Amino acid sequence: MTRRQIEDHLQELGDLYAETSGGGPWAWNQARGAFLRRLAADVRRPGFELLIAETTALTGCAYGFPVRGDGPWWEGFDGYLPGRLLRLAAAGRLFVISGIHVPSRVRRQNQDRAWNLARRLQKRLLTDHGAAVAVTLVNRSDHRTVEALRSWGWRYVEGDTPRTAPLGPFRVLVLET
């Protein structure tokens with residue numbers, strides 16, 4: 001989607017996020033607002049791409065941006081990435097997937113199938129950008145998202161296991177093409 005198309009669909013994207021992020025209706029407005037602020041910041045990044053899936057309504061989306069070895073994308077990743085990923089970033093072969101938002105049934109059913117909606121969206125983002133590896137940050141306490149990402153092929157970054165994870169608020173997960 002272009003920036004203009006994203007602006008035109010902000011309400012729908014916010015609704016999708018609220019519906020797929022869990023929690024009850026009482027938490028939706030706060031979570032929805034935070035999501036829209038993060039999305040507005042990400043849209044301004046060079047190479048940003050947002051893919052959507054829809055039938056008669058929006059059913060899923062995934063978005064992110066390619067990164068280089070320097071620049072403002074580092075916020076939050078400081079101290080988390082091993083040298084191999086830093087080299088990929090310097091070569092323009094690293095892609096940050098900021099979010100994958102799909103219905104809860106996609107998180108639970110057929111997670112390992114190539115035709116799973118989340119798997120297709122993330123693969124398309126990487127293919128479109130020629131990235132070798134995707135990276136994402138997940139809040140350390142968000143076990144549900146970590147579990148879903150791992151079922152879609154993501155793994156912990158080198159040296160990060162549940163027992164040896166670096167301290168900090170985030171877990172780093174990587175997806176190789």
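This is a predicted model: local features need pLDDT of at least 70, side-chain atom pairs count only at pLDDT 80 or more; totals for chains, interfaces and linings use all residues.
Residues are numbered from 1 along each chain as its sequence is written, and side-chain values use heavy atoms, with hydrogens and water left out. Local features need pLDDT of at least 70, side-chain atom pairs count only at pLDDT 80 or more, and totals for chains, interfaces and linings use all residues.

Start with helix α7, residues 143-151. Helices here are DSSP runs of H or I with at least four residues, strands are runs of E with at least two, and both are numbered from the N terminus. In α7, the buried residues are T145, V146, A148, L149 and S151. Buried means under 20% relative accessible area, exposed means over 50%, and partly exposed lies in between (1.4 Å probe, protein chains only). What do the buried residues of α7 pack against? Their partners are the strands β3 (94-101), β4 (133-139), β5 (155-156) and β6 (170-176), together with the helices α5 (104-108) and α6 (117-129). After α7 comes G153, whose phi is positive, near 105°.

Next, look at the nonpolar cores. A nonpolar core is a set of buried Ala, Val, Leu, Ile, Met, Phe, Trp, Tyr and Cys residues joined through side-chain atoms within 4.5 Å. The largest one has 24 residues. I97, I100, V102, L149, W152, W154 and L173 have the most contacts inside this core. At least two residues of this core come from each of β1 (49-54), β3, α6, β4, α7 and β6. Helix α6 gives the most, with 5 residues.

Now pick out W154. Contact means heavy atoms within 4.5 Å. Leave aside the neighbours of W154 within four places in sequence. W154 is then in contact with I97, I100, Q122, A134, V135, T136, L149, L173, V174 and L175. There is also a second, separate core of 14 residues. Among its members are L94, A132, V135 and V172.

Strand pairing comes next. Two strands pair if DSSP finds at least two bridges between them. Strands β1 and β2 (residues 58-67) run antiparallel, and 6 bridges join them.

Finally, turn to the charged side chains. A salt bridge is a side-chain nitrogen of Lys or Arg within 4 Å of a carboxyl oxygen of Asp or Glu. How many salt bridges does this rule give? The count comes to 7.

Begin with R4 and D8. Their closest N and O atoms are 3.7 Å apart. Both residues lie in helix α1 (residues 3-8), 4 residues apart, about one turn of the helix. R4 is exposed, because its relative accessible area is 53%. R4, E7 and D8 are linked in a network of salt bridges.

D15 and R32 also meet in a salt bridge, at 3.0 Å from N to O. This pair links distant parts of the chain: D15 is in helix α2 (residues 10-20), R32 is in helix α3 (residues 25-43), and they are 17 residues apart. D15 has 37% relative accessibility, so D15 counts as partly exposed. R32 has 16%, so R32 counts as buried.

The last pair is R124 and D128, whose side chains meet at 3.2 Å, N to O. They are 4 residues apart in helix α6, so about one helical turn separates them. R124 is partly exposed, at 48% relative accessible area. D128 is partly exposed too, at 37%.
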